[in-house]
Amino acid sequence: MSETTSGPASGPATDLAAGAAPAAVSAPAPDSGSGNGARGAPPPRAGGGRRGLGGFLAPYVFLTPALALFVAFLAIPVGYALYLSVQGLRIVDEGVFGTRSEVFVGFANYADILTDSTFWAGFGRMALYGVIGVPLTLGAALLFALLLDYGGARARRFSRAAIFLPYAVPGVIASLLWGFMYLPSTSPFSHVTEELGLGGIPFLDGGWIFPSLANIAVWGGIGFNMIIIYTALRGIPPELADAARIDGCSEWRLALRIKVPLVAPALVLTGLFSLIGTLQVYGEPTMLRPMTVEIDQTWVPLMYIYRDGFIRDDLPMAAAGSVVLAIGTLVLSLALLRVTQRRTFGGAQ
Amino acid sequence: MSASTTGARRPGLLPHQRARLLPTVVLLIGAFYCLVPLAWIVVAATKSNTELFSTFTFTPGTGLLDNLRELFTYQDGAFGRWALNSLLYAGLGSLLCTLISAVAGYAFSRYEFPGRTALFYLILAGVLLPGMLLAIPQYIIMTKIGMVGSYWSVLLPGLISPFAIYLARVYADAAVPVSTIESARMDGASEYRIFGTIALPMMLPGMVTIFMLQFVGAWNNFLLPYVMLSDESRFPINVGLYTLLSKGSGEPSLYSLAIVGTAVSVLPLIALLLFLQRFWRLDMISGGLKG
C-alpha cells in the first residue's frame with residue numbers, strides 16, 4: 001500500500017515541498033541574517049569532500065528512529081490490512097465442531113461491502129454532514145481571518161484568542177459539551193424557547209441531527225483554519241495592498257480580488273484537512289449516540305467498520321472497509337488537489 | 001465591546017470609524033459563539049444534580065465542591081487516573097514524537113542522500129491514511145505480540161507523525177543556515193555534535209509548535225485507545241468520559257458527573273494553550289505552502 005500510495009501522492013506533495021523554501025521569509029530564523037544562507041546554498045552532497053564516512057551515514061542515522069516507527073506502525077499495518085482484506089472467516093472443519101478460520105477469499109469482502117446499502121447509506125450521511133459543515137467552517141474561518149487582517153476592526157487580539165480556544169477542546173469532549181447543550185433536559189437554548197412557550201428545540205431528532213453534528217465540527221474547526229489562513233494573509237507584502245488602495249480599490253474588493261487569491265494555497269490546505277477529517281468522522285456521532293435514537297451502529301463509514309471489526313469480530317471485513325475508505329480518501333484528495341492545482345500552486349510558481 | 005463604547009461616546013461617526021464597527025461586531029459574534037459552550041460547561045459544573053435540571057442554565061449553582069468530590073472519588077479515583085493517563089499518552093508521546101520528527105526533518109532538510117525524495121514522499125503519503133485503516137492491523141499486531149491493552153499499545157503508534165516530520169523539515173529549511181553547518185564542519189565538529197549543539201537549539205521554536213500540535217492531537221485521539229484498551233484504569237480522559245456517559249444514558253445522576261468531568265478536562269488544556277500561544281509558530285504550516 002505504501003508503495004502504491006507514494007506514487008500518485010508525490011504529485012501534489014512535490015508542490016507542497018516546492019513551496020517550502022519561501023517559508024524562510026515568513027518564519028524569521030532565531031539569528032537574523034541566516035535566511036540568506038538557508039535559501040541560497042544548496043544542501044551538502046552526500047560523500048562530498050568534507051564529510052567522511054560518518055558524514056555519509058549521518059542522515060541515515062538521523063532517520064533511523066522515524067523510519068523504524070514508520071515501517072512498524074504505518075507500512076506493516078497497511079500491508080497487513082491489505083492482506084487481511086482478502087481473507088475471510090469461513091467454517092473449514094466439517095461436522096459438529098466446525099471452526100471458523102481465515103481462508104483466502106479474494107475480493108469477496110470488497111464485493112460484500114460495496115453492495116451493502118447500509119455502508120452506502122453511511123457514506124450518504126457523512127456526505128450530508130460534510131456538505132453542511134465544511135463550507136461553513138472554511139467560510140467562517142476565511143471571514144474571520146480577513147477581518148483580523150483588516151486593520152480597522154477592534155478587539156482583534158481578544159477575538160483571535162477566543163475563536164482559537166475551541167481548538168484546545170478535544171473533538172470527543174466538544175461533542176459531549178454540545179451534546180449537553182442539545183439535550184432537552186439540559187439545553188440552555190431549549191430552556192429559553194420553552195420559557196417563551198415555543199417548546200424545546202429538537203436538536204437531536206430527525207434531520208436536525210445533521211446540522212447539530214456539523215455545528216460541532218464547525219465550532220471545533222474554525223479557529224485552527226482561521227489561524228492558518230490568517231498567517232498566510234500576514235505573508236502578503238503590504239506594498240501590494242497599499243498599491244491597490246492608491247488605485248482606489250475598496251477594502252472589500254481588495255479582500256476578494258487580491259487577498260483571497262493570494263492565500264489560495266492555504267485555503268486548499270485547509271480544504272484538504274477538512275475533507276480528510278470529514279471522511280474519518282467517528283468520535284462525534286459515537287459520542288452523541290447515547291443521547292439520541294437517530295444514530296445507529298453504522299451511522300457513518302467508520303462506525304460501520306468499527307462494528308464489523310470489534311462488535312462482529314470480523315476483522316477481515318473491517319480491513320476491507322477501511323481499505324475502501326482509504327482509497328476513497330486518496331481519490332478525493334487527489335481530485336481536490338488536481339482541480340485546484342492550476343489556480344493555486346501552478347499559478348503561483 | 002470596545003467598539004460599542006466608542007460608538008456611544010461619539011455619535012457622529014466618521015466614515016472610516018463606521019467601517020470599523022461592522023468588522024468588530026462580526027468578530028465579537030464569532031468570539032461569543034466560541035465561548036458560549038465553554039461558559040456553559042463551567043456554570044453547569046457548579047450545579048448539583050437537581051439544580052442542573054431545574055434552574056436557569058446560566059445561573060451558577062451551589063454544588064461545585066460536591067461535584068468535584070464526587071468526580072474524584074468516582075470508582076476509587078478513576079477520573080484522576082484517566083487524567084494522568086492522558087497526560088502520559090499526550091505529554092510523553094508528543095515529546096518523543098517531536099524529537100524523532102525534528103531529527104528526521106533535519107536530515108531531510110540539510111542532507112542530500114540517495115533516496116531522500118522518495119523516502120520523504122513515502123512518509124508524507126502517510127498523512128492520507130485513515131486512522132481506522134491503521135487501527136485494525138495495529139490492534140492485531142499488538143495482540144500477536146501480546147502488547148494489546150498496555151500503555152505501549154497507545155503510546156508507540158503515536159510516535160510517528162508524517163505531518164510533524166513535514167513541519168520539522170519546513171522549519172529546518174528556514175531556521176538552520178547551511179553556512180553555519182559548513183563552518184562547524186570545517187572546525188571539525190562531528191555531524192551529531194552539529195545537530196545536537198547547533199541545529200537543535202535553532203529549531204526549538206518550531207519544535208514547540210510541533211509539540212503543541214501533537215499534544216492536542218494525542219489528547220484528542222479517541223479511536224486508538226478506544227480500540228486498544230479494555231482495562232478502564234488505563235483509559236485516557238476522553239475514553240473514560242465516554243464510558244461514563246454510556247453508563248449514564250439511562251441514569252441522569254451520572255450527567256452532572258460527566259459535565260464536571262468535561263469541565264475539569266477542558267480547563268487545563270485551555271490554560272496551556274493560552275500560555276503557549278506566544279510561542280506558537282503556526283505560520284510554518286501555511287508558510288510551507290506559500291507559492
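UniProt, in an unreviewed entry, places the feature "transmembrane region" at residues 21-43, 87-107, 119-140, 152-172, 192-219 and 254-276 of chain B. UniProt positions follow the numbering used here, feature names are shortened, and annotations may be inferred rather than shown by experiment. This is a predicted model: local features need pLDDT of at least 70, side-chain atom pairs count only at pLDDT 80 or more, and totals for chains, interfaces and linings use all residues. Residues are numbered from 1 along each chain as its sequence is written, while chains are lettered from A and ligands numbered from 1 in the order in which they are written.

Take residues 21-43 of chain B. The span is 100% helix and 0% strand (helices are DSSP runs of H or I, at least four residues; strands are runs of E, at least two; both are numbered from the N terminus). Its end C-alpha atoms lie 31 Å apart. Residues 192-219 of chain B are also 100% helix, with end C-alpha atoms 32 Å apart.

Stay in chain B for A164(B), in helix α9 (residues 162-175). A164(B) counts as buried because it has 26 C-beta neighbours inside 10 Å (buried means 20 or more other C-beta atoms within 10 Å, exposed 12 or fewer, partly exposed in between, with C-beta atoms placed from the backbone).

Now chain A. The unreviewed UniProt annotation "transmembrane region" includes residues 208-233. That span is 96% helix. Helix α10 of chain A covers residues 209-234. Of its 26 residues, 22 are buried. α10(A) bends by about 40 degrees at G221(A) (the angle between axes fitted to the seven residues ending there and the seven starting there).

Definitions and conventions. The expected span of a helix is 1.5 Å times one less than its number of residues.
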